[in-house]
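Biologist: Could you take me on a close look at the part around the ligand? I would like to see which residues are there and where they sit.

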Amino acid sequence: MEQRRPLIAGNWKMNGSLASNHVLLSEIQSGLSELSAAPCDIAVCVPFPYLAQAQSALQSTSIAWGAQDVSVHEGGAYTSEVSSSMLLDFACRYGIVGHSERRTYHSESDISVAQKTLRLIAAGITPIVCVGETLQERKGGLTEQTVARQLNAVLAQIDGASLDKIVVAYEPVWAIGTGITATPEMAQQVHAFLRAQLAQANSVLAEKVQILYGGSMKPDNAASLLAMKDIDGGLIGGAALKAGDFLGIVAAAKELV
Ligand SMILES: O=C(CO)COP(=O)(O)O
């Protein structure tokens with residue numbers, strides 16, 4: 001069976017300032033050096049205005065950085081949009097697409113998430129494709145149907161040979177920012193289902209895809225989630241804004257490597 005390296009990625013959302021980011025990034029770096037050799041892949045996805053700051057602070061470290069969205073367009077008259085080539089100018093390794101906050105507040109469709117994924121892959125940036133059901137969908141027994149629809153919209157656009165160029169994040173909407181976490185078993189069930197969907201596109205590469213869990217992951221619940229067979233890391237919101245918490249999750253991942 002494929003041994004997948006865990007990825008712990010922070011999604012800072014619309015938080016931070018030049019001054020607070022400086023402190024946070026310095027604390028993460030110094031904490032990491034105490035944890036010894038990089039135990040897993042680590043990344044922070046920062047607001048667009050702070051990409052230059054992240055690049056300059058992290059370029060000689062093992063921590064990667066990325067963005068939280070990208071335009072479906074290549075360039076031109078699209079006020080406020082940010083293209084994949086602009087992200088490349090700041091050497092982004094990752095770009096989040098399809099976060100539920102984009103789907104909910106900006107009516108982002110499955111098809112635009114798929115187009116954004118393609119843009120990032122074409123630029124050589126790894127898309128972190130987010131999927132997840134609402135509480136209503138879970139209660140209605142629609143979890144698998146929902147995440148399958150969201151993921152398959154992306155898989156329909158990408159070549160099966162490119163499957164290992166994406167990261168998938170399962171983020172149940174009801175667990176985001178609520179302090180309520182999916183149990184490890186609940187999350188594992190959806191992760192295994194997602195991997196089975198990926199396997200339909202390419203069974204060999206599906207084993208290599210990192211599938212992250214996101215939704216109130218904290219240092220005290222990370223180890224049990226990350227111990228599950230198909231949970232290959234975390235996409236961390238609130239806990240990524242505190243160096244101690246973020247490092248606590250990294251340390252939990254380290255136990256598994
Ligand atoms: O949305 C998330 C990461 O993208 C998760 O956020 P929280 O960790 O704050 O629940």
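Modeller: Happy to! Keep in mind that this is a predicted model. Let's begin with W12, which is found in the loop between strand β1 (7-11) and helix α1 (18-34). W12 has 19 other C-beta atoms within 10 Å, so it counts as partly exposed, since a buried residue needs 20 or more. Leaving aside neighbours within four places in sequence, W12 is in contact with V44, C45, V46 and P47, and also with A240 and L241.

Now move along to S216. This residue has its place in another loop, the one between β7 (211-213) and α10 (219-226). S216 has 21 C-beta neighbours inside 10 Å and therefore counts as buried. If we do not count residues up to four places away in sequence, S216 touches A175 together with T178, G179, I180 and T181.

What links these two residues? The unreviewed UniProt entry has a "binding site" annotation that covers W12 and S216, along with N11, K13, G177, G237 and G238. These annotated residues are spread over 228 residues of sequence, yet they cluster in space, with a largest C-alpha distance of 13.9 Å.

Finally, here is the ligand itself. In the model, 14 residues surround the ligand, and the closest are N11, I176, G214, G237 and G238.

Key. Residues are numbered from 1 along each chain as its sequence is written. This is a predicted model: local features need pLDDT of at least 70, side-chain atom pairs count only at pLDDT 80 or more; totals for chains, interfaces and linings use all residues. A residue is near a molecule or strand if its C-beta atom, placed from the backbone, lies within 6 Å of it. UniProt positions are given in the numbering used here, feature names are shortened, and annotations may be inferred rather than shown by experiment. Helices (H or I, at least four residues) and strands (E, at least two) are DSSP runs, numbered from the N terminus. A residue is buried if 20 or more other C-beta atoms lie within 10 Å of its own, exposed if 12 or fewer, and partly exposed in between; C-beta atoms are placed from the backbone. Two residues are in contact if their C-beta atoms, placed from the backbone, lie within 7 Å.
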